[in-house]
Amino acid sequence: MFSRDLQNSPAAGVQERRDARQPEERFIGNVVACDGAHATIAASIGSLGDAEVDLWSVGRLITILVGKNRVIALTRSMKTSSPHWSENADNSFLVDLELLGEIRVFADGFEQFSTGISTYPYLGARAHQIRSSDLIKIYDRGSVQTSVIGRLSQDDTIDAGVHIPSMLSKHFALVGSTGAGKSTAVSLLMHKAIENDPKLRILILDPHNEFAAAFPDKAVVIDTDTLDLPFWLFRLDEFAEVLYRGRPPVADELDALRDLIPEAKRAFRGPEGGASRRQSERNGFTADTPVPYRVADLLALIDERIGKLDGRSEKPYLRALKQRLVAAINDPRYRFMFTSNTISDTINETISQIFRIPGGNRPITTLQLAGIPSEVVNSVASVLCRMAFEISLWSNGAVHLLVVCEEAHRYVPSDPNLGFLPTRQAIARIAKEGRKYGCSLGIITQRPGELDQTILSQCSTIFSMRLSNEVDQDIIRKAIPGSSVSALNFISSLANGEAIAFGEALPVPMRLKFNRVSETALPRANGAEVRDTADDPSNINLTSVIERMRQGGGPDISDFQSRISAVEANIQEAVFTTSSQFGDDEPVFAPRTETGVNLEPYNPAMLPGLARAVSANDDPRHSNRIDRYDALFKGSAPSLKPQRPSHDEAASHPAGQSSGQASGQSLRERLLARAPGSSLIKR
């Protein structure tokens, strides 16, 4: 794995691989200042043609001889003592160093690197170019579970490795700007992880559908067509996120769901005997219990509660809730939740498919989220992260799960008022407690400044690729150990595929170049297949593109529908109250009945303007209903008492016609004649 021939040889302390240009003497300067964390070296250099000109550069490691031990230091900055550079004479300059640790030499000649320093450099101590054998001692942990992921940037002949168990047990993060090579680095790390731990199962939340191509033989791809995540696996707050499409839920509707969902679950189980009933009561059903139930039973319970004489104030909320449920069922984008016509307990199949238990030879699942509606992605991520933790918890460590969150700042943003709280809680629970039960977390983001710092602080190993934003750089500087903070001074100038790694999986911060991944295992946003000919505007099938757009869902009008339904319900309640005040035996009009769940999602004929179609012989109180609709869309407050037309109005309009009918325009026509984008309801 590593080139340990120099480290294990008897003369490992004196042997050195030398470049042809390297001078015989490795001495490069003397210590002129030192404190507990830094040191300064005075050195001199001749013309640019001298061989030692490349010995000094920012970011390189050097050694300082202190007795038998050698102190390891990182070059952080340098400057000349004079503002001018001489081509014909030696130029003196000062080099500022950061002390990292020391290589200790024991009595038997054994040498070992330690991050602590037993004896600090004294003034005049000699500094040397670091030996290759010393570099190996620093970065090689000597463990068989250390996997090679690249080469050192300072010396590309030396392997760069990480300790995979430490990286997974205490979580890891990989940050970097767009185009720095994050996806390729993640693919490389995942390949090394599954090689190291055969019990590991990996779930990748893939918002760009690009990791399917990276694991052609190791992964199962789940997209919106193959995803089967039953709605009854969602907790109440997660299910509410789907119904309200990312908006805050209505408290009264949420309370109704909390009461009715357990009843629907009991109805699904059917009549129970005495022993079964006692067992059920002992276990208890709540709205969060992952037990199957039918939406039809839930709708029937809502209708039953609507039909009760008491609780009249709840009816508008119940009708709006029913409308939301029907809209969610009929939405083609939610097929992954409501795909099964026959409800059954399929939790075993769902867990086996998503979390690869047992999994066979494909331990990785790439969940493609690009086709899932954006307003419910957080809810889906919450369900999967919560289930991953619970599987690890109740399997007693038999399954090691790794959840990789690509674009993690979407799920756990730094602003606590943004994002979805259950998703934040599920990911935070893995970050804080997952290592105890074998559940690991991988955070991938291009904006660490927008990521919840509590989550980032739980990641003990961080791979930082190129970051150009100063806020993001400051976040990473705060996460790195104080004695190695200068290693991140180069974070904005890293090359593609290059990173600075630090944390539990490495002994000291390491600047490395990731190994190249084969072309057949590179992440690609187009999927797992490599196309022979690229699509272009001349041969693309525009019809199929439009079909995909339409299948993905159109404009969201469910909020408008629910508002119209709630307003109509309020008007119906008001009319019932008015008729009771007039002492009628029958209500003015019967409440509309809704049977079944296959309702038309939207129809212009459903607008209230159709209420204009009343005959001259209809009861005058129907005109009262029309006036209330007029007042609603004109922004005025309708009167609940029937208004008798004045003498002048009766003379100017024929019997049974309102002013709008006299003008020849219905309410619907007047609504359609409004300017585009104008509000129907004035607030």
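This is a predicted model: local features need pLDDT of at least 70, side-chain atom pairs count only at pLDDT 80 or more; totals for chains, interfaces and linings use all residues.
Within α11, which spans residues 347-355, the buried residues are Thr-350, Ile-351, Ile-354 and Phe-355. Because these residues cover an arc of only 95 degrees around the axis, they lie on the same side of α11. The elements against which the buried residues of α11 pack are β11 (200-206), β12 (219-222), β13 (364-368), β14 (400-406) and helix α12.

## The eleven-stranded sheet

An open sheet with mixed pairing is built from eleven strands, whose order is β9-β8-β18-β17-β16-β10-β15-β14-β11-β13-β12. At its edges stand β9 (159-163) and β12, each of which pairs on one side only. On average, and with direction ignored, neighbouring strands of this sheet are turned by 30 degrees against each other. Helix α11 packs on the sheet through contacts with β11, β12, β13 and β14, and the direction of α11 makes about 85 degrees with that of β11.

Elsewhere in the sheet, strand β16 (residues 461-464) runs antiparallel to β17 and is joined to β17 by four bridges. In this pairing, Phe-463 stands opposite Ala-501 of β17.

In soluble globular proteins, nonpolar side chains tend to be buried together. In this model the largest nonpolar core holds 89 residues, of which Leu-205 and Leu-229 touch the most other members. The greatest contribution to this core comes from helix α12 (residues 374-394), which gives twelve residues. A further core, of 52 residues, lies apart from the largest one and has Ile-72, Ala-160, Ile-164 and Ala-180 among its members.

When residues up to four places away in sequence are not counted, the contacts of Leu-205 are Leu-367, Leu-369, Ala-381, Leu-384, Cys-385, Val-404, Cys-405, Glu-406 and Tyr-411.

## Two individual positions

Asp-134 is located in helix α2, which covers residues 132-139. Because its relative accessibility is 0%, Asp-134 counts as buried. Leaving aside residues up to four places away in sequence, Asp-134 is in contact with Thr-63, Arg-70 and Ile-103.

Ala-495, by contrast, is found in a loop, the one between α15 (470-479) and β17 (498-503). With a relative accessible area of 40%, Ala-495 is partly exposed. From C-alpha to C-alpha, Ala-495 and Lys-513 are 8.6 Å apart in space, while 18 residues apart in sequence.

Technical notes
Residues are numbered from 1 along each chain as its sequence is written. Side-chain values use heavy atoms; hydrogens and water are left out. Helices (H or I, at least four residues) and strands (E, at least two) are DSSP runs, numbered from the N terminus. Buried means under 20% relative accessible area, exposed over 50%, partly exposed in between (1.4 Å probe, protein chains only). Contact means heavy atoms within 4.5 Å. A nonpolar core is a set of buried Ala, Val, Leu, Ile, Met, Phe, Trp, Tyr and Cys residues joined through side-chain atoms within 4.5 Å. The arc is that of the directions from the helix axis to the C-beta atoms. Two strands pair if DSSP finds at least two bridges between them. Axes are lines fitted to C-alpha atoms, for helices over the stretch in contact, and angles run from 0 to 180 degrees between N-to-C directions.
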